[in-house]
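Dear colleague,

I am passing on the structure we spoke about, and my notes on it follow below. Please read them with the model open beside you.

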Amino acid sequence: MELRQLKYFAAVVEEGGFTRAAARLHVAQPGISAQIRQLERELGQQLLDRSGGRATPTAVGEAVLPFARAALAAVEAVRRTADEFAGLLRGRVVVGVVSGAIGEGFDIAPVLTGFHAAHPHVEIAMTEDTSERMLAALRGGGGLDLAVVGTSGPGAPPPGVGLRTIVDVPLCAAVPDGHPLLEPPGRTELPLADLEGLPLVSLPRGTGIRAALEHACAAAGFRPRIAFEASAPAQVARLAAGGLGVAVVPEPGPGAGPAGPGTETGAVAGLRMLRLTRPALRGRVAVAWPANGPATPAARALLARLCAAFPEAGA
C-alpha cells in the first residue's frame with residue numbers, strides 16, 4: 001500500500017470521477033485508475049463503484065475513506081512541522097469564487113499573484129461555483145479552503161462558516177433610455193413593488209444578489225419574473241440594454257465610469273440606474289472559511305492576505 005494510492009482514492013471520491021481527479025492532481029487518468037485497482041487487489045475489496053458514469057465509494061470504500069484521509073493528513077502534518085522549522089510554507093490552497101463576483105469592486109488576481117510570489121511552494125487552485133454550493137463545501141470539508149461568496153443580507157454568518165464582508169453596495173434597476181420606469185423625468189429611485197410582473201434580467205440562483213432579490217420580493221408579496229440569467233453583472237446589464245428586461249445589478253462604483261443613481265453605468269451605454277428602495281436592497285460579497293478556521297498554514301496565510309487587501313465593508 002502506498003500513500004499515493006490513498007491520495008488518488010480520496011481525490012476520486014471528492015471529485016466524483018477519475019477525469020476530474022486526474023485534472024486536480026495533474027496525473028494521467030489511466031495512472032490513477034491503475035493505482036486504485038492495485039490498492040483494491042491488495043485489500044481484496046472493491047472500493048469504488050464505477051457504474052453509472054460516476055465513481056462512488058462502495059460500503060467498504062466509505063469505511064476505508066476516513067482512515068485514508070487520516071493517513072494523508074498525518075503525512076501532511078509531518079511535512080508542515082518540518083517546513084515551519086525552516087520558515088517555509090508548502091501545500092495546496094483551493095479558493096472558490098462565486099459567479100459574478102469579479103467586477104463588483106473585487107479583484108482577487110493581484111492578491112493571488114502576490115501570495116504566489118511570496119510563497120512559491122504553495123500550489124493555488126481557483127474554481128468558480130454558486131455561493132450555496134461553496135458554503136456547503138466549506139461546512140462539509142468538500143475540497144475548499146476559502147471562498148468568495150455572495151450573501152443575501154447582514155447578520156450572523158451561516159452555521160459552520162466564518163465571513164468577512166468586503167463589498168456592500170446598493171442594488172439598482174438598470175433600464176434603457178425611454179423605459180416607462182424612468183417617468184417622471186429625473187427619477188433616481190424605484191420602489192421594489194414596481195418590478196412586479198416585469199421581465200427581469202438577473203444573476204443565477206445561488207448568488208447573493210439573486211437571493212437578496214428573491215427574499216425581498218417574497219416579503220413584498222410577489223415572485224420576480226426572471227426572463228434571462230447571466231453569470232456576471234456586466235452581462236446582465238448588456239441584456240437589459242438590448243431591451244430584454246430590467247436588470248438588477250450592483251450600483252457602479254467610482255472606478256466604473258460615471259456611477260450613481262440616474263446615470264449611465266459607464267460600462268454599458270444607454271442604461272439608467274434607479275436605486276431600489278422600499279426595501280433598500282444591497283449586494284454583498286464576503287470572504288468565507290470554515291468556522292474553526294482554515295485547516296492549513298498556507299490557507300491561513302492566504303486568508304490573512306485577503307483580509308489585508310480588502311478592508312471589511314462598513315468598518
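How much space lies in the largest pocket? The answer is about 2000 Å³, where a pocket is an open set of points on a 1 Å grid over the protein atoms alone, at which a 1.4 Å probe fits, with protein on both sides within 12 Å along at least five of seven lines; the volume is the space filled by probe spheres set on the points, which are joined across faces, edges and corners. This is a predicted model, in which local features need pLDDT of at least 70 and side-chain atom pairs count only at pLDDT 80 or more, whereas totals for chains, interfaces and linings use all residues. Residues are numbered from 1 along each chain as its sequence is written, and side-chain values use heavy atoms, with hydrogens and water left out.

A search of the whole structure finds 15 salt bridges, each a side-chain nitrogen of Lys or Arg within 4 Å of a carboxyl oxygen of Asp or Glu. In one of them Arg-69 meets Glu-14 at 3.4 Å, N to O, and this pair links distant parts of the chain, with Arg-69 in helix H4 and Glu-14 in helix H1, 55 residues apart. Arg-69 is partly exposed at 37% relative accessibility, as is Glu-14 at 32% (buried means under 20% relative accessible area, exposed over 50%, partly exposed in between, with a 1.4 Å probe and protein chains only).

Strands S8 (residues 199–202) and S9 (residues 225–229) pair in the parallel sense over four bridges, pairing being assigned if DSSP finds at least two bridges between two strands. Between them the chain crosses through helix H7 (residues 208–220) in a right-handed β-α-β crossover, meaning that, with the strands pointing away from the viewer, the path from the first strand over the helix to the second runs clockwise. A salt bridge also joins Glu-229 to Arg-210, the closest N and O atoms being 2.8 Å apart; Glu-229 lies in strand S9 and Arg-210 in helix H7, so the pair ties together parts 19 residues apart in sequence. Arg-210 is buried, with a relative accessible area of 3%, whereas Glu-229 is partly exposed at 45%.

With best wishes

Note on methods. Helices (H or I, at least four residues) and strands (E, at least two) are DSSP runs, numbered from the N terminus. On a 1 Å grid over the protein atoms alone, a cavity is a set of points where a 1.4 Å probe fits but cannot get out, and a pocket is an open set with protein on both sides within 12 Å along at least five of seven lines; lining residues have an atom within 4 Å of a point.
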